[in-house]
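Good morning, colleagues. Please have the sequence and the structure open as I speak, and I shall take the regions one at a time.

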Amino acid sequence: MEQDTFRDGNGGAMTLVKTWYRLVGLLTKLLYRLIYGRKIRWGKAVHMRHGFRATVDGDGQIVIGDDVFFNNGCALHAMREIRIGAGTIFGENVLVYDHNHRFSEPQMSFKDQGYSIDPVRIGRHCWIGSNATILKGVTIGDNCVIGAGCVIDHSIPDGSLVKLSKQNVIERIAFSTPIAEAGERTNGADAASQGAGPVRVLVLDTVMDRGGAETMTMNYLRHMDRSKVVYDVLVNRPWRGAYEDEFEALGGRVWRMCPMYPQSFARYKREFRAFLKQHPEYRIIHSNLEERSYFPLRIAAEEGIPVRIAHAHNRPRGIDPKLLFREYFRLRLRLGKYATHQFACGREAGEWLFGRARRSQVTLLHNAIDTAQYQYDPDVAAQVRQELGVEDSGTLVVGHVGRFFPQKNHTFLLDVFAAVHRMHPNSVLWLVGGGEQDDRLKHEMERKTERLGIADAVRFLGVRSDVPRLMQGMDVFVLPSLYEGLPVTMIEAQAAGLPCVISSAVPAECDVTGRVRSLALRESLDCWAQAILDQAGSNKGTSWRIEGASLVTRAGYDIVSNARRMQDFYLKALDDAEGDRDE
């Protein structure tokens, strides 16, 4: 009788567990429908357990047949297509990718080399064992069994059994130029003994690429006294960013964590808490994660980190799939006492993230630059123009620096330049910046230049480390963004002596030289084109452009004084916080 009672009770518990899984699965599918819509198509009776994740980039799609089952921790990541047949079941932690990093160039980050992409198709009535990984271009036939732990990178015919029977094979990559062994790389920060050396500030960011917030971090790190304060950074992308080599050379350490996607919020919180417990040396956290700072700063407060900085860099506008999450986290960050200090690159960015009521509590931290690097030099300008094929001194060079993200509004910029080129045929457009992992938006813009008939007049220059030099060769700078905080590129352009044209969605406070003209995006293309030509015509010569650097310095945007101010702030804030704790 006792045994029967035990079985009945255990069966009831299992029924509750299964019911819970069904409910979580329904909510998960609802969430993905809200985020991706028809980009993920669900068959009937699709069930999943804890930790299911799916991402769809660009025009990709995921198609799941009827009666498909995903056990704990499965993930599907599509850039083109992942298609799963009816009746297929997945063991725990199965990963499916229809893309892979390119890695043929050792001097270029994986992210900048883009992806190779090929659809994945998994047949009907298959069993994919736990911890299997299925890679791009694979077709698995019907009625197949894939053993646990297998990595599938070739297609499998119908009715096959695949078993893991070989050890890993390690081969050297045939790079075009030799590189040092991983063990030969040194990190100056590792030399500091526990409890000695500089104060280490943990910066939270997405990836250390050449974006505005990351460029600001690098500018401050380069100019602070690194015997007193040094940055480490915790990013939430797996690839190596464009700034990481220099960052580490300056003594910083780069840590990585899982992405902050909605389906991995819980995992991020667990991993971040564990990270802080493992690294008690961090007593200052400086978060560049905008409204998402709510997550880590709340955990940091609970773990007793005394100095917690939330930094506003943007002022989002409009409606997009992230709006609901963005508004919720922004509200939680405002209501909670998770940030001990509130920073903003500009007034509008600060008001958006922290609210107008807290305006007096927000510290404006300038996106300061080394103005000496940007000061106009006519000899450098002539050299850059020649290198990029601009032989005629009368050619108008329209410049833009910005990542290929929707925010930067490249499609409108190309329409505007087409109008400029019609009015002034002796003109070219230089586009500086990288983009998404597969450069999808960049490729779309390349195709658009062909449709507009301006392909020969537009140069896609990619991610560059010589932006100050490139700006010397430009005649006018254009930034038609959908929203901005206070973009560092605008400070850079003005330091290079460039007249600028911006959208009215870019805060007017970025005009620190009086050489910026703002237009609404609803204005006609011809209106924009004429404004660009007028601004280019306002150039009064070499001395006028040289003056740009001194105007930016007088406006308070030179990095030398700002870095000293930032360094002193960290030291005083930590001293005050630790002093209060001791009392």
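Is S264 buried or exposed? Before I answer, please note that what we are viewing is a predicted model. S264 has a relative accessible area of 5%. Because buried means under 20% relative accessible area, S264 is classed as buried. The residue is found in the loop between β21, residues 254-256, and α5, residues 265-278. Leaving aside residues up to four places away in sequence, S264 touches C258 and P259.

The crossing of α5 past α6 is right-handed. On the α5 side, the contact is made by F265, Y268, K269, F272, R273 and L276. On the α6 side, the contributing residues are F295, P296, I299, A300 and E302. By class, the residues of this contact divide into 8 nonpolar and 3 charged, with no polar ones.

I turn next to the aromatic rings. How many aromatic pairs does a search of the whole structure find? The search finds 17. One of them is formed by F52 and F70, a tilted pair with 4.9 Å centre to centre and 50 degrees between the planes. This pair links distant parts of the chain, 18 residues apart. F52 sits in the loop between β2, residues 47-48, and β3, residues 53-56, whereas F70 belongs to strand β5, residues 69-70. Both F52 and F70 are buried.

F265 and F295 form a tilted aromatic pair, 4.8 Å centre to centre and with 50 degrees between the planes. F265 lies in helix α5 and F295 in helix α6, so the pair ties together parts that are 30 residues apart in sequence. F265 and F295 are both buried.

Ring pairs also build a cluster. Which residues do they link? The cluster consists of Y32, Y36, W42, F52, F70 and F90.

Helix α11, residues 410-423, packs with helix α15, residues 525-537, at an angle of about 65 degrees, and their axes are 8 Å apart. That angle makes α11 roughly perpendicular to α15. The crossing of α11 and α15 is right-handed. From α11, the residues F412, D415, V416, A419, V420, R422 and M423 take part. In α15 they meet L525, D526, W528, A529, Q530, I532 and L533. The contact of α11 with α15 has 10 nonpolar, 1 polar and 3 charged residues.

Is D466 buried or exposed? Its relative accessibility is 19%. Since buried means under 20%, D466 counts as buried. How far apart are the C-alpha atoms of D466 and Q373? They are separated by 9.9 Å, and the two residues are 93 residues apart along the chain.

Thank you for your attention.

Notes: Residues numbered from 1 in each chain as written. Predicted model: local features only at pLDDT ≥ 70, side-chain atom pairs only at ≥ 80, totals over all residues. Heavy atoms only, no water. Axes fitted to C-alpha atoms, helices over the stretch in contact; angles between N-to-C directions. Helix = DSSP H or I, 4+ residues; strand = E, 2+ residues; numbered from the N terminus. Parallel < 35°, antiparallel > 145°, perpendicular 65-115°, else oblique. Left-handed = near helix turned anticlockwise from the far one by under 90°. Contact = heavy atoms within 4.5 Å. Nonpolar A, V, L, I, M, F, W, Y, C, P; charged D, E, K, R; others polar. Buried < 20%, exposed > 50% of the residue type's maximum accessible area, 1.4 Å probe, protein only. Phe/Tyr/Trp six-rings, centres within 6.5 Å; stacked < 30°, edge-to-face > 60°.
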